Amino acid sequence: MKIIITESQLKLIKEAVGVPENILDEGKVLYDIVKSKLKEINSTEEEYLFEDIEIDLRVSDVNFTNLNLIVKVEELEEYDGTEAVIAAMGVGNEFNFEEGIMMQINAETSTIDLFIQFIVPEGWQSNDLYNSFIQYETQHISTMAHELMHRFRRSKKTKGLAGNTADYQTYSSGRLNFGIPVINEFMRYSYFIQNEENVVRPTEVASRMTQKGITRENFYEFLMNDDVIKELKRIQNFSFEYLIQSLYDQMDRVFALLEHAGENPKENSPEENIKMVLELVYINLSNTKMEFFEKYILSQEETIFSKMGPFSQLFGGKPPSENKIKLLNKYRNHVTKYENKEMDFFKDECERFNYVATKLIKRISKVYSLIPDEKEQTNESILDWELHQKLMEKKYGKRPIETTYKYKK
């Protein structure tokens, strides 16, 4: 049975599954704009800046009229690939901390600041960036929709908690590489299921679904083979037992980290070394969150004071207000609540991984409702009756011959 709905009802359905009106189409428009700018590049530089690009993008009731595009290129010795690849993409998030309400206030602007980081092999050419971008068109269009969703949310959500931003920035900053594969896996998953990322995943998946012309019949196959769902499945299966066993299997890396930290792992049992590593990870995680939080809520003068103490007044420093000190202490208690019981943190996080990943898979699966019904053709001019009948028979199969009336008075 087909259900006919109005455009306004369709809009409500899209917003209910986390895909605002127009965002899939505008993601393609943004992709085309970036593609045209990359095509203009004719020299090999470390950075390209395209400023004040006039655009006309509308997502639901939010309009974006200006684009600043920053493209950075980096050669890495560790990269042994032969083509340029995009390592990261993001949109700017300008905000100020308002002490009156103790929250961050997002800037009201119609500008999109888009950042793209390429990793390239030695001897790369300027057109490699463009060629890489168009080679993976489906993926990059969906990523554009993903980033556009980030930007849309910040326009709609004018204020937020600095602590949430500090948590998110900690995992996305790339500053927590401990050289142990399973710990790096843990950090990647922690980033992937941050709430800031969770809310944009339906848009990303819906973009790929639309581009590939997925029907209701093949939706399940598409969903189970999508990269986002595959990653969420891996997160579901990341258990505390797996974490500990992997650390035993990667003991050479455990030794290397402890020695780098000035410890002597040879004096300890494997269990003690694993416990020490997890303590170090948690300490650095907490410290990095606190560092970002201070950066977000303290003024330049207050930051000088926090680093130098009372003597900082000679350099223009001033102490934070009592309210800010209370907020700092509250956040510090939050990020260090597992102090001296760091193993419990990882146990709880692994359980949270499963819960959040399962919940997000269910939410993403709702993009199924965005697939339109197959439209029946009407007012069709049949030019060759016999060929048309054969075509319909091939499409729908031979119609059974009925022997009784189905619709009785």
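Residues are described here as buried when their relative accessible area is under 20%, as exposed when it is over 50%, and as partly exposed in between, with a 1.4 Å probe and protein chains only. The structure is a predicted model, in which local features need pLDDT of at least 70, side-chain atom pairs count only at pLDDT 80 or more, and totals for chains, interfaces and linings use all residues. Residues are numbered from 1 along each chain as its sequence is written, and side-chain values use heavy atoms, with hydrogens and water left out.

Side chains of opposite charge can pair when their charged atoms come close. A salt bridge is counted where a side-chain nitrogen of Lys or Arg lies within 4 Å of a carboxyl oxygen of Asp or Glu. By this criterion, the structure holds 18 salt bridges.

One of these joins the side chains of lysine 35 and aspartate 32, with an N to O distance of 3.8 Å. Both residues belong to helix α2 (residues 23-40), where they are three residues apart, about one turn of the helix. Helices (H or I, at least four residues) and strands (E, at least two) are DSSP runs, numbered from the N terminus. Lysine 35 has a relative accessible area of 22% and is therefore partly exposed; aspartate 32, at 28%, is also partly exposed.

A further salt bridge links lysine 275 to glutamate 279, at 2.7 Å from N to O. These two residues are four residues apart in helix α13 (residues 270-297), so that about one helical turn separates them. Lysine 275 is partly exposed, with a relative accessible area of 41%, and glutamate 279 counts as partly exposed at 23%. Elsewhere, salt bridges that share partners join Glu197, Arg201, Glu204, Arg208 and Asp226 into one network.

Most residues other than glycine have a negative phi. Methionine 102, by contrast, has a positive phi, near 55 degrees, and is placed in the loop between β4 (95-98) and β5 (103-106). Asparagine 340 likewise has a positive value, with phi near 70 degrees. This asparagine 340 lies in the loop between α15 (322-335) and α16 (342-365), and its relative accessibility of 69% means that asparagine 340 counts as exposed.
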